[in-house]
Amino acid sequence: MARAPFLPLFQALVGEAQHDPGVAGALNERFTAPQADKTVARLKTAQEKGDPSPDFDLDPAMAILSGPLYFRLLITQEPLTHAYVDRILDALFAGMGTAGRTNSA
């Protein structure tokens, strides 16, 4: 999604979705929800293998992961690189891992 020809189309759809509930619903149904489901499934698979821990809450993890990616993709329009995604994942796991240990103590 971060490269032409898809990026301009995605940006236009997100912009239109702010004003058109039909576009918003279709975008969510056909793109956002399936992508989120795939990401949560990958996180759940990793969780079942022991990393992250079983108390790692996948729903807020998905929201926390999505925010910086969409911000970069739609607002700043900086490149969405593998290195950047890795930095976000590292921050997510470090932050939520610490919170989980603190809350369970």
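On a 1 Å grid over the protein atoms alone, a pocket is an open set of points where a 1.4 Å probe fits, with protein on both sides within 12 Å along at least five of seven lines; lining residues have an atom within 4 Å of a point. Grid points are joined across faces, edges and corners, and a volume is the space filled by probe spheres set on the points. In this predicted model, the largest pocket has a volume of about 940 Å³.

The model is predicted: local features need pLDDT of at least 70, side-chain atom pairs count only at pLDDT 80 or more, and totals for chains, interfaces and linings use all residues. Residues are numbered from 1 along each chain as its sequence is written, and side-chain values use heavy atoms, with hydrogens and water left out.

**Overall fold**

The chain contains four helices and zero strands, in the order α-α-α-α. Helices (H or I, at least four residues) and strands (E, at least two) are DSSP runs, numbered from the N terminus. Of the 105 residues, 25% are buried, that is, under 20% relative accessible area with a 1.4 Å probe and protein chains only. Contact means heavy atoms within 4.5 Å; among contacts between residues at least 6 apart in sequence, 46% join residues at least 24 apart.

**Lining of the pocket**

The largest pocket is lined by 25 residues, with Thr39, Arg42, Leu65, Leu69 and Val85 nearest its centre. Helix α2 supplies the largest share, nine residues. The helices that each give at least two lining residues are tabulated below.

| Helix | Residues | Lining residues supplied |
|---|---|---|
| α2 | 21-48 | at least two |
| α3 | 58-76 | at least two |
| α4 | 82-104 | at least two |

**Helix α1**

Helix α1 (residues 6-17) has 12 residues and should span 16 Å at 1.5 Å a residue, in agreement with the 16 Å between its end C-alpha atoms. The expected span is 1.5 Å times one less than the number of residues. Leu7, Phe10, Val14 and Ala17 of α1 are buried. Seen down the axis, these buried residues fall within an arc of 95 degrees, so they line one face of the helix; the arc is that of the directions from the helix axis to the C-beta atoms. Their cover includes α2 and α3.

**Gln47**

Gln47 belongs to helix α2 and is buried, with a relative accessible area of 13%. A polar atom of the Gln47 side chain lies 3.4 Å from the backbone oxygen of Pro54. Beyond its neighbours within four places in sequence, Gln47 is in contact with Pro52, Ser53, Pro54, Asp55, Phe56 and Leu58.

How values were computed:
Buried < 20%, exposed > 50% of the residue type's maximum accessible area, 1.4 Å probe, protein only. Polar contact = N/O pair within 3.5 Å; in protein donor to acceptor, adjacent residues only side chain to side chain.
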